[in-house]
Amino acid sequence: MTEKRNRPEGKAADGGDGMDGIFDDGDEMDMDTTMTTNDDKEGEATSAEVKSVTNKSYFSPQLLAQYYSRLFPFDLLHEWLSYDPSCNQKGEQKSQSPTNTKIFSRREFSFTIEPIPGEEIYIRYQSFLDQAELTNAVLKRNPHKIDIGAIFSHPPKDHHAIQGSTQRKFAPVQRELVFDVDLTDYDGVRKCGCSAANICTKCWKMMGMAMKVMDVGLKEDFGFKNIAWFYSGRRGIHAWICDESARELSDPGRSAVASYFEVRTTMYFTVTTCVDTIYFEKVRAWASYTY
Amino acid sequence: MGTDKNQNVDLSNPLHPTLQRAYAILEPMFVSDIIPAGAHGILAFEEHWTDLLATLPPSASAVRESLEKKWKNDVTTPEEKWTELKRYLDVLIGKVTTAKKAKQSKKMGAADRSKIELWTIATVFRYTYPRLDINVSKMQNHLLKSPFCVHPKTGRVCVPIDIKKVDEFDPFDVPTLPQLMDELDAFEGKDGQKIQYEWEKTSLKESFRHFQTDFLAPMWKDLKRAEKVKAEQQAAITVDF
């Protein structure tokens with residue numbers, strides 16, 4: 001039904017393994033991709049519904065460069081990530097506000113670039129003084145993927161110099177609380193014929209359910225207001241909770257909020273033939289919220 | 001705090017209020033988007049409902065046996081089957097009493113009753129409750145793909161989703177790179193139409209606008225309010241001294 005296509009061995013594999021799980025290891029870093037072939041699907045009850053979202057022709061460095069130069073909303077991204085109320089709607093600074101300007105310039109960006117087809121290079125600790133610097137770097141590098149990390153104590157691009165210093169400590173100080181839900185984790189209960197990276201309108205409903213439950217919980221139980229939801233581009237969703245109280249959460253605080261939304265259900269099923277049992281055993285837990 | 005010791009707390013009776021609320025949201029969607037034949041068919045095909053009934057606790061084996069027999073030959077809808085299953089279980093645990101069953105249910109212990117009650121909830125949650133990739137949330141220093149990027153495997157843009165219109169969101173409607181380029185080429189401006197951004201010429205417009213008006217604008221208000229409060233507090237301190 002599906003076939004695995006291996007990418008030529010590239011630098012990304014090493015980079016991905018060596019980063020101690022720092023990546024969103026769901027949607028992004030997997031080295032395999034599953035493709036639905038039309039022949040296999042023919043004659044199945046679900047064939048009309050299952051669509052492959054993977055297609056090479058939808059993506060090329062040329063198309064991507066066009067997207068970045070004409071459509072990518074650099075100002076919306078900058079306006080958001082600077083958290084600066086003195087910005088006007090065009091993203092221009094009305095008054096100089098050095099503290100907040102610094103928030104943007106202390107943000108880690110990382111780029112995945114592919115200078116030679118099949119050879120991915122991951123560049124971490126990029127940071128940019130302002131929107132123009134970010135725009136110029138993206139247009140120049142044409143990254144296949146841009147990742148957003150934490151706001152650090154110092155501009156991440158200087159991290160080597162700071163790490164060598166005894167007086168100054170380079171550490172993350174702020175970061176949106178983020179959530180990632182992937183349909184891959186629903187394989188045991190997806191009865192639509194989809195698995196792995198494939199999705200269809202039937203199993204996508206599960207993402208809608210997840211968003212509704214999370215959104216109301218984050219708002220009503222934690223009082224968060226500034227929540228942005230995004231399609232991950234393939235098989236899942238991301239939530240960015242941007243309230244100051246969320247951005248300033250410690251790592252244990254983040255774990256506590258995330259655990260609050262977990263629930264373990266395995267033991268209520270008599271027969272453990274459920275394909276997803278292992279999954280539940282591994283991560284489903286519901287801890288009391290005590291942070 | 002979320003240590004190993006107090007994790008793995010399971011569903012318990014009475015259900016935590018947040019899970020009660022989740023159940024109230026999810027159960028109707030379980031009925032409309034999981035059990036029917038046009039969805040995941042959990043209660044639409046014998047093969048699937050046999051699997052489901054097999055997960056019932058041993059103390060509910062009477063329900064499993066009688067429904068397996070009954071459903072083999074009847075033409076009820078999946079929704080009716082779900083209602084029937086819940087009713088059978090309610091009768092079994094004595095939540096709903098019938099003259100015939102009143103005696104029988106008294107024999108069942110509290111633990112078994114609770115297990116049966118929670119089975120219904122656990123079943124709904126198993127198909128519908130959010131399954132978080134928790135490692136992404138745990139650390140400040142974790143990278144996550146930037147919104148507005150394009151997924152290299154699909155060519156689709158990571159667009160904002162309006163939570164108020166979440167049921168209308170279809171990932172297959174999200175524009176791909178070639179489609180966006182076609183839309184840019186095909187765009188013909190109307191008289192008097194002001195275009196600030198090129199994305200306004202494409203199908204990215206609605207989701208990007210939503211991000212501006214429903215996320216950025218309210219967040220600004222909050223930030224400005226917070227700044228004002230801080231300034232006032234600062235002023236008060238200055239006056240005091």
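Reader: How many Å separate the centres of domain 1 and domain 2 of chain B?
Author: In this predicted model, the centres of domain 1 of chain B and domain 2 of chain B are 44 Å apart, taken over C-alpha atoms.

Reader: Which residues does the domain assignment give to each of them?
Author: The assignment for chain B places residues 17-128 in domain 1 and residues 163-240 in domain 2.

Reader: And what lies between domain 1 and domain 2 of chain B?
Author: The largest nonpolar core, which has 106 residues. Both domain 1 and domain 2 of chain B give residues to this core, so it lies between them.

Reader: Which residues have the most contacts inside that core?
Author: They are C203(A), A210(A), W229(A), I237(A), A239(A) and L26(B). The largest share of the core, 10 residues, comes from α8(A).

Reader: Take A210(A), then. What is it in contact with, leaving aside its neighbours within four places in sequence?
Author: A210(A) is in contact with V181(A), I237(A) and P130(B).

Reader: Moving to the interface: how many residues does the contact take from each chain?
Author: Chain A gives 101 residues to the contact and chain B gives 97 residues. On the side of chain A that touches chain B, the largest share comes from α8(A), with 15 residues. Other elements that each supply at least two residues to that side include β6 (145-152), β8 (177-182), β10 (227-231) and β11 (236-241) of chain A.

Reader: How do the residues on that side of chain A divide into nonpolar, polar and charged?
Author: There are 56 nonpolar, 21 polar and 24 charged residues on the side of chain A that touches chain B.

Reader: Which strands form the open sheet, and in what order?
Author: The order is β8(A)-β11(A)-β10(A)-β2(B), 4 strands with antiparallel pairing. β8 of chain A and β2 of chain B stand at the edges with a single partner strand each, so one side of each is left without a neighbour in the sheet.

Reader: Over how many bridges do β10(A) and β2 of chain B pair?
Author: β10(A) and β2(B), residues 160-161, pair over 2 bridges in the antiparallel sense. W229(A) has I161(B) as its bridge partner in β2(B). W229(A) is also among the residues with the most contacts inside the largest nonpolar core.

Reader: What joins β10(A) to β11(A)?
Author: These antiparallel strands are joined by 5 bridges. Y231(A) has I237(A) as its bridge partner in β11(A), and F230(A) stands opposite H238(A).

Reader: How many residues of β11(A) are buried?
Author: β11(A) is mostly covered, with 6 of its 6 residues buried. G236(A), H238(A) and W240(A) point one way from the strand, while I237(A), A239(A) and I241(A) point the other way. On its pairing with β8(A), the two strands share 6 bridges in the antiparallel sense, and V178(A) has W240(A) as its bridge partner.

Reader: Another hairpin: how many residues stand between β4(A) and β5(A)?
Author: There are 2 residues between them, and G118(A) in the turn has a positive phi of about 90°. β4(A) and β5(A) pair over 5 bridges in the antiparallel sense, with I121(A) as the bridge partner of I113(A). β4(A) also pairs with β6(A), again antiparallel and over 5 bridges.

Reader: Back to chain B. Which residues of helix α2 are buried?
Author: In α2(B), residues 46-53, the buried residues are W49(B), L52(B) and L53(B). They cover an arc of only 95° around the axis, which puts them on the same side of α2(B). What covers them includes α3 (61-72) and α4 (78-93) of chain B.

Reader: Finally, is D170(B) buried or exposed?
Author: D170(B) is exposed, with 10 other C-beta atoms within 10 Å. Its place is in the loop between β2 and α8 (177-186) of chain B.

Methods
Residues are numbered from 1 along each chain as its sequence is written. Chains are lettered from A and ligands numbered from 1 in the order in which they are written. This is a predicted model: local features need pLDDT of at least 70, side-chain atom pairs count only at pLDDT 80 or more; totals for chains, interfaces and linings use all residues. A residue is buried if 20 or more other C-beta atoms lie within 10 Å of its own, exposed if 12 or fewer, and partly exposed in between; C-beta atoms are placed from the backbone. The arc is that of the directions from the helix axis to the C-beta atoms. Two residues are in contact if their C-beta atoms, placed from the backbone, lie within 7 Å. Ala, Val, Leu, Ile, Met, Phe, Trp, Tyr, Cys and Pro count as nonpolar, Asp, Glu, Lys and Arg as charged, and the others, Gly among them, as polar. Two strands pair if DSSP finds at least two bridges between them. A nonpolar core is a set of buried Ala, Val, Leu, Ile, Met, Phe, Trp, Tyr and Cys residues joined through C-beta atoms within 7 Å. Domain bounds come from an automatic or database domain assignment.
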